[in-house]
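Thank you all for coming. Please take a moment to look at the sequence and the structure, and then I will walk you through them.

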Amino acid sequence: MDTRLGRRAFLTGTAAAAVVAFDPAGLGWVTSADASPGGITVPGLDGELVVDPESRAEAADDYGHIVHRNPVAVLRPGSVRDIVTMVRFANTHELQVAMRGQGHSTFGQAQVAGGVVIDSRTLATIHRVDADRAVVDAGVQWLDLIQATLAQGLTPPVATDYLGLSVGGTLSVGGIGGATSHFGLQVDNVLALEVVTGDGRLLRCSPTERRELFRTVLGGLGQFAIIVRATVRLVPAETNARVFNLFYPDLASMTAAQRTALADRRFSYLEGQLIPAEGGGWQYMLEGVAYYTPPSTPDDAALLAGLDPASSQISEVPYFDWLNRIYALVEQLKPLRLPGPWINVFLPDAATDVYVTDVLADLAPADAGGVVLLYPVAREEITRPLVMLPDSEVVFLLAILRTVSPPNDADVQRLLGVNRALYDEARAVGGTHYPVGAIPLTPADWRAHYGPRYAEVLLQKRRFDPNHVLTPGQGIFRNP
Ligand SMILES: Cc1cc2nc3c(=O)[nH]c(=O)nc-3n(C[C@H](O)[C@H](O)[C@H](O)COP(=O)(O)OP(=O)(O)OC[C@H]3O[C@@H](n4cnc5c(N)ncnc54)[C@H](O)[C@@H]3O)c2cc1C
């Protein structure tokens with residue numbers, strides 16, 4: 001029996017039961033209270049491996065509150081070495097493992113039935129902020145990184161709309177936001193990574209060192225390696241944001257204005273929302289933002305030229321407040337634990353207007369509850385091969401970020417069915433899905449998702465995670 005973990009856990013006064021061994025016969029973990037000679041020793045860890053019901057229940061839940069898969073233990077790593085140790089241990093004992101960032105997936109993507117969830121929140125150090133880059137642990141939240149970089153007049157070029165997400169979590173999926181129209185996804189702005197591969201190797205990779213691993217891990221949905229540290233690009237930050245909310249009478253005029261604005265990249269940030277209107281129907285709002293630092297000021301006339309909104313609202317906010325605009329709202333919503341059957345699809349430009357018109361015709365405001373986003377990005381800015389996008393110069397993201405209130409399983413199941421139908425329709429017009437939502441998918445769907453890249457996915461899986469230890473909750477190779 002390895003008593004080091006037990007002693008350390010007790011010394012730190014944790015109330016959680018510390019694991020000291022794995023019992024292969026009972027497929028369970030043995031705590032210091034009931035350790036038997038039959039258990040397999042867990043090598044010494046710098047952090048904690050816990051099996052208490054609260055920790056496991058947290059790891060069996062996420063922002064969607066739809067899927068619940070119980071892990072047998074949760075690792076709170078005290079070091080990168082702990083992650084290496086646990087991944088190697090999992091390989092030896094036929095266990096599966098997933099890193100969990102902030103658990104803001106909506107459909108069990110970071111969960112592992114009967115395996116070990118690694119909680120990245122205990123590895124959250126910002127190691128350095130230099131003039132053009134920052135080196136951070138995967139568990140760092142973007143909010144904390146942005147606060148640290150703004151203190152030096154710098155910013156990551158692309159922020160997600162909500163900043164309470166982990167660096168590792170968004171780099172595993174892509175990381176899209178209003179600045180993607182200029183800088184691509186967050187994964188396009190990474191200079192180097194340190195990862196633990198599925199077979200337990202701690203490796204550095206970058207565009208010049210182990211290039212294939214680098215390309216595969218970014219947007220790789222945790223399938224090949226666990227990201228433990230990232231070097232992310234920084235650019236000089238402006239101080240102010242001028243926000244243009246431009247309203248249109250119909251979808252076609254909004255998307256036409258978005259295409260015009262995207263074409264010359266006139267806004268620093270470009271998104272759009274479909275908002276249920278009082279009394280029925282929808283409001284169509286282009287959201288464009290110009291970042292600037294006084295004494296220079298945005299040229300409103302140039303920004304609005306050719307966009308012809310029916311009405312507009314222009315407001316001013318500090319740059320940081322703009323980036324952090326929805327944080328408080330999300331924090332307020334979290335305790336309500338509302339199920340979130342989200343769907344996010346990427347649509348080819350040519351199909352967008354018809355597809356979205358059909359979606360809106362059938363979308364009751366109650367089923368939209370939350371936010372519906374629609375905005376274009378230029379395909380050429382997005383370079384990582386495993387972020388699958390439609391074959392179209394301009395691609396629209398449609399994100400129906402709905403909540404079910406009051407919570408009830410009948411509506412959740414119904415909306416999962418709707419999501420599946422919308423996904424099929426998106427695929428039929430050349431669309432793909434952005435894999436952060438709640439769409440019931442099979443391994444065959446994933447094969448279709450990767451299309452011609454699927455052979456490469458299989459090859460890299462064999463190379464870096466041959467025992468399929470990592471991140472089963474995505475359901476890419478087997479149903480989870
Ligand atoms: C309110 C809200 C707003 C959002 N807004 C945006 C947005 O504007 N743009 C956008 O792109 N996304 C957005 N998302 C989606 C979000 O980016 C993804 O769900 C992201 O994966 C969540 O990060 P997380 O830290 O919570 O990851 P988790 O949900 O914990 O994990 C997500 C997946 O990544 C894996 N993973 C986590 N960390 C690592 C790691 N270090 N190494 C390898 N794999 C890892 C997990 O195993 C899991 O499969 C939003 C989500 C919420 C809830």
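The protein chain in this predicted model is divided into three parts, with domain 1 running over 3-122, domain 2 over 126-237 and domain 3 over 240-440.

Let me turn to the place where domain 1 meets domain 3. Here 10 residues of domain 1 are in contact with 16 residues of domain 3, and the two domains bury about 1,000 Å² between them, with 59% of that area on carbon and sulfur atoms. If we ask which residues form a salt bridge here, the pair to look for is Arg 337 and Asp 61, whose closest N and O atoms are 2.8 Å apart. The count of salt bridges between domain 1 and domain 3 is one, while the count of residue pairs in polar contact between these domains is six. On the side of domain 1 that touches domain 3, the residues divide into three nonpolar, six polar and one charged.

Now, please move to the ligand. There are 33 residues around the ligand, and those that come nearest are Met 99, Gly 101, Ser 105, Ser 166 and Tyr 434. In the case of Met 99, a polar backbone atom is 2.7 Å from an oxygen atom of the ligand. Ile 227 also uses its backbone, with an N or O atom that lies 2.9 Å from a nitrogen atom of the ligand, whereas Gln 474 has an N or O atom in its side chain that is 2.9 Å from an oxygen atom of the ligand. How much of the ligand does the protein bury? Taken alone, the ligand exposes 960 Å², and the protein buries 96% of that.

Conventions:
Residues are numbered from 1 along each chain as its sequence is written. This is a predicted model: local features need pLDDT of at least 70, side-chain atom pairs count only at pLDDT 80 or more; totals for chains, interfaces and linings use all residues. Side-chain values use heavy atoms; hydrogens and water are left out. Domain bounds come from an automatic or database domain assignment. Contact means heavy atoms within 4.5 Å. Buried area is the accessible area (1.4 Å probe) that two parts lose on being put together, summed over both. A salt bridge is a side-chain nitrogen of Lys or Arg within 4 Å of a carboxyl oxygen of Asp or Glu. A polar contact is a pair of N or O atoms within 3.5 Å; within protein, one must be able to donate a hydrogen and the other to accept it, and residues adjacent in sequence count only if both atoms are side-chain atoms. Ala, Val, Leu, Ile, Met, Phe, Trp, Tyr, Cys and Pro count as nonpolar, Asp, Glu, Lys and Arg as charged, and the others, Gly among them, as polar. A residue is near a molecule or strand if one of its heavy atoms lies within 4 Å of it. Accessible areas come from the Shrake-Rupley method with a 1.4 Å probe; for residues, only the protein chains shown count as cover.
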